[in-house]
Amino acid sequence: MKRYLILGSGVAGRRAAKAIHRKSVDSEITIVEEQDNPFYARPMLGELFGRKTGAVQSAAKEKEQLSELGIKFKTGAKVKEVRLHEQTALLNTSELLFFDKMLIASGVRTTRLACDQGNSAGVVYMDRVEDIQALGSNIDAVRKAVVFGASYQAFGALKGLRSLGIDCSLVIPEERLWSQSLDVVASNILEQRLGQEKITVIKGANIEFLEQDADALRSVVVTGGKKISTDLLVVAAPQEPVLDYLTSGGLDTDRGILVDAGLKTSAQNIFAAGDVAQLSTESTVAPNAQAGWLRAWKQGNVAGENMVSGDVNVIYDGIPSIRTRVFDLDLVCLGLSRAEGEGIEAKSGDYPYEEMPYVYKKIIYKQGRGAGAIFLGDVNEAGAVEEWIRKGIPARECDQQVLDNMFKLQYKSSAAYGVLCPVCKFHMQIDNKAEEGAIITCPACGIDFKVERLPNGAFHAIPV
Ligand SMILES: Cc1cc2nc3c(=O)[nH]c(=O)nc-3n(C[C@H](O)[C@H](O)[C@H](O)COP(=O)(O)OP(=O)(O)OC[C@H]3O[C@@H](n4cnc5c(N)ncnc54)[C@H](O)[C@@H]3O)c2cc1C
């Protein structure tokens with residue numbers, strides 16, 4: 001019986017376990033996971049600030065499914081060292097696990113601030129459920145918060161904190177929001193939406209100094225010397241891959257563990273998937289636009305299948321993308337969404353329209369082929385356009401009906417609306433005739449959500 005060991009029980013690890021079981025029912029599959037209770041949907045962490053735990057617990061049902069398949073879990077156990085030549089993993093409990101094949105799916109964590117002296121009073125790194133739970137009832141005393149970084153985590157935190165009526169500022173080192181993926185127009189629209197939520201955005205700044213007592217944060221000082229009085233600092237970027245168990249080396253790494261399209265690493269019998277993995281074709285400097293829930297979900301499947309076959313049977317052919325929701329605005333950025341210069345042609349209609357101030361769409365062609373896109377506020381056509389980009393379809397072959405729907409207000413002829421799942425941000429189609437309040441289940445992550453209509457007629461999905 002083959003022994004499969006999976007490091008990390010996030011979405012990549014769980015999907016891989018299922019794929020291995022599907023292909024090889026009799027194999028022994030063990031998932032080692034550092035957290036005691038890792039079964040929660042990472043993208044819903046921000047909701048915890050507002051004490052909404054329902055959606056965060058939604059992944060718990062997957063634990064039962066995996067246990068029913070005979071997949072073993074070692075939770076609360078950290079892999080201290082992976083010994084590639086011995087094909088063993090040493091746990092912090094001193095247990096030594098042998099494997100025939102291993103998947104590394106250890107994800108990323110938020111980089112510690114250079115000015116952080118280790119006093120955690122009023123400082124939260126937004127990685128895990130316990131990071132937020134540790135605040136406990138102290139959150140009731142928080143009146144002002146600073147969130148650092150433009151990332152998935154940051155927007156989740158801002159939404160949760162604003163739901164409690166806390167005054168928020170967002171500090172970002174870049175000159176625009178999600179600078180690797182958004183153009184100026186899209187960034188400005190998002191900033192406007194944040195302004196509507198009374199969130200101040202401070203751009204081009206880092207957190208340089210924390211003014212703390214033993215048990216409270218008083219203020220943060222940002223680049224240029226500006227002091228912001230605050231009770232809470234949420235650090236939400238940048239992220240770095242979790243690799244500390246690779247003490248004996250042996251794997252090629254760059255910004256993450258380098259893998260080929262079949263998710264194989266440079267070492268025999270070792271695969272990597274999800275946020276910790278970096279395809280050799282992916283940029284060495286732009287992690288944000290390449291990590292994400294759906295990428296991890298798909299890669300888990302691919303890695304699991306290939307681990308069983310021992311060959312590259314299936315490949316991961318996803319394109320770099322951001323899929324998220326900023327307050328009520330769905331956002332999808334695909335491929336070279338911000339490209340400019342020679343050989344690049346961009347089309348964005350007359351957006352933003354007065355009638356739909358928070359809607360913006362743009363498609364980019366590189367040397368006459370679909371190469372990138374931005375959808376903000378209405379992601380209806382994102383699924384179709386993603387396929388054009390993935391396949392590099394020539395502009396003349398792109399479906400004119402889809403382009404009309406994107407750029408001409410009077411066209412809204414499709415029979416279904418695209419929305420993002422509120423948890424995993426999977427792009428789904430909802431029938432135009434769906435009723436307000438209807439409950440639908442996401443085909444990717446299995447969460448139930450409620451359908452709501454936005455003022456512009458588009459649908460919106462809300463977790464129940
Ligand atoms: C607040 C928040 C909001 C987000 N919003 C979005 C969004 O809107 N859209 C989107 O696409 N993505 C979003 N993401 C990102 C998305 O959740 C991740 O891309 C995805 O969960 C990555 O899955 P993974 O399996 O690769 O890693 P993870 O889910 O991070 O799982 C890795 C696991 O490995 C475990 N581990 C690490 N080291 C060890 C060790 N040595 N031993 C044992 N276990 C170990 C960790 O405890 C962890 O459980 C968000 C993330 C957060 C935190």
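Student: How many residues surround the ligand, and which are the closest?

Tutor: In this predicted model, 37 residues surround the ligand, and the closest are Gly8, Gly10, Gly107, Gly274 and Gly292. The elements that give two or more residues to this shell are helix H1 (11-23), strand E2 (28-33), helix H4 (152-162), helix H6 (293-309) and strand E21 (321-326).

Student: How many residues of each class does the shell around the ligand have?

Tutor: The shell has 17 nonpolar, 13 polar and 7 charged residues.

Student: Which domains does the domain assignment give?

Tutor: A domain may be made of separate pieces of the chain, as domain 1 shows with 3-40 + 55-109 + 240-309. Domain 2 covers 112-237, and domain 3 covers 321-463.

Student: How do I read the relation between domain 2 and domain 3? How far apart do their C-alpha centres lie, and how many residues are in contact?

Tutor: Take the centres, then the contacts. The C-alpha centres of domain 2 and domain 3 lie 28 Å apart. In contact are 13 residues of domain 2 and 14 residues of domain 3. On the domain 2 side, H4 and helix H5 (184-196) are the elements that give two or more residues. H5 provides the largest share of that side, 5 residues. By class, the domain 2 side divides into 8 nonpolar, 1 polar and 4 charged residues.

Student: Now the helices. What span is expected for H1 at 1.5 Å a residue?

Tutor: The expected span is 18 Å, and H1, with 13 residues, reaches 18 Å from its first C-alpha to its last, which is close to that value.

Student: Which residues of H1 are buried?

Tutor: Burial is judged by counting neighbours: a residue is buried if 20 or more other C-beta atoms lie within 10 Å of its own. In H1 the buried residues are Val11, Ala12, Gly13, Arg14, Arg15, Ala16, Ala17, Ala19 and Ile20.

Student: What span should H6 have, and how many of its residues are buried?

Tutor: The 17 residues of H6 should span 24 Å at 1.5 Å a residue, and the end C-alpha atoms of H6 are 25 Å apart, which agrees. Of those 17 residues, 13 are buried, so H6 is largely enclosed by the rest of the structure. After H6 comes Gly310, with a positive phi near 80 degrees.

Student: Which residues of helix H7 are buried, and where do they lie around the axis?

Tutor: In H7 (residues 382-391), the buried residues are Ala382, Val385, Glu386, Trp388 and Ile389. They are on the same side of H7 because they cover an arc of only 160 degrees around the axis. Gly392 follows H7, and the phi of Gly392 is positive, near 60 degrees.

Student: Which residue has a positive phi although it is not a glycine?

Tutor: Gln87 is one of them, with a phi of about 55 degrees. Gln87 lies in the loop between strand E4 (79-83) and strand E5 (88-91). Gln87 counts as partly exposed because it has 19 C-beta neighbours inside 10 Å. Phe327 also has a positive phi, near 50 degrees, and is a residue other than glycine. The place of Phe327 is the loop between E21 and strand E22 (329-335). With 15 C-beta neighbours inside 10 Å, Phe327 counts as partly exposed.

Student: Which residues does a cis peptide bond join?

Tutor: The value to read is omega, which is about -5 degrees for the cis peptide bond between Ala237 and Pro238. Pro238 lies in the loop between strand E16 (232-235) and E17.

Student: How do I read a loop residue such as Ala434? Where does it lie, and which residues does it touch?

Tutor: Ala434 lies between strand E27 (427-431) and strand E28 (439-441). Leaving out residues up to four places away in sequence, Ala434 touches Val451 and Phe459. Ala434 and Val451 are 17 residues apart along the chain, and their C-alpha atoms are separated by 7.8 Å. Ala434 has 16 C-beta neighbours inside 10 Å and therefore counts as partly exposed.

Student: Where is Asp254 found?

Tutor: Asp254 is in the loop between strand E17 (239-241) and strand E18 (257-259). Asp254 counts as partly exposed, with 13 C-beta neighbours inside 10 Å.

Technical notes
Residues numbered from 1 in each chain as written. Predicted model: local features only at pLDDT ≥ 70, side-chain atom pairs only at ≥ 80, totals over all residues. Near = placed C-beta within 6 Å. Helix = DSSP H or I, 4+ residues; strand = E, 2+ residues; numbered from the N terminus. Nonpolar A, V, L, I, M, F, W, Y, C, P; charged D, E, K, R; others polar. Domains from an automatic or database assignment. Contact = placed C-beta atoms within 7 Å. Buried ≥ 20, exposed ≤ 12 C-beta atoms within 10 Å, placed from the backbone. Arc of directions from axis to C-beta. Expected span 1.5 Å × (residues − 1).
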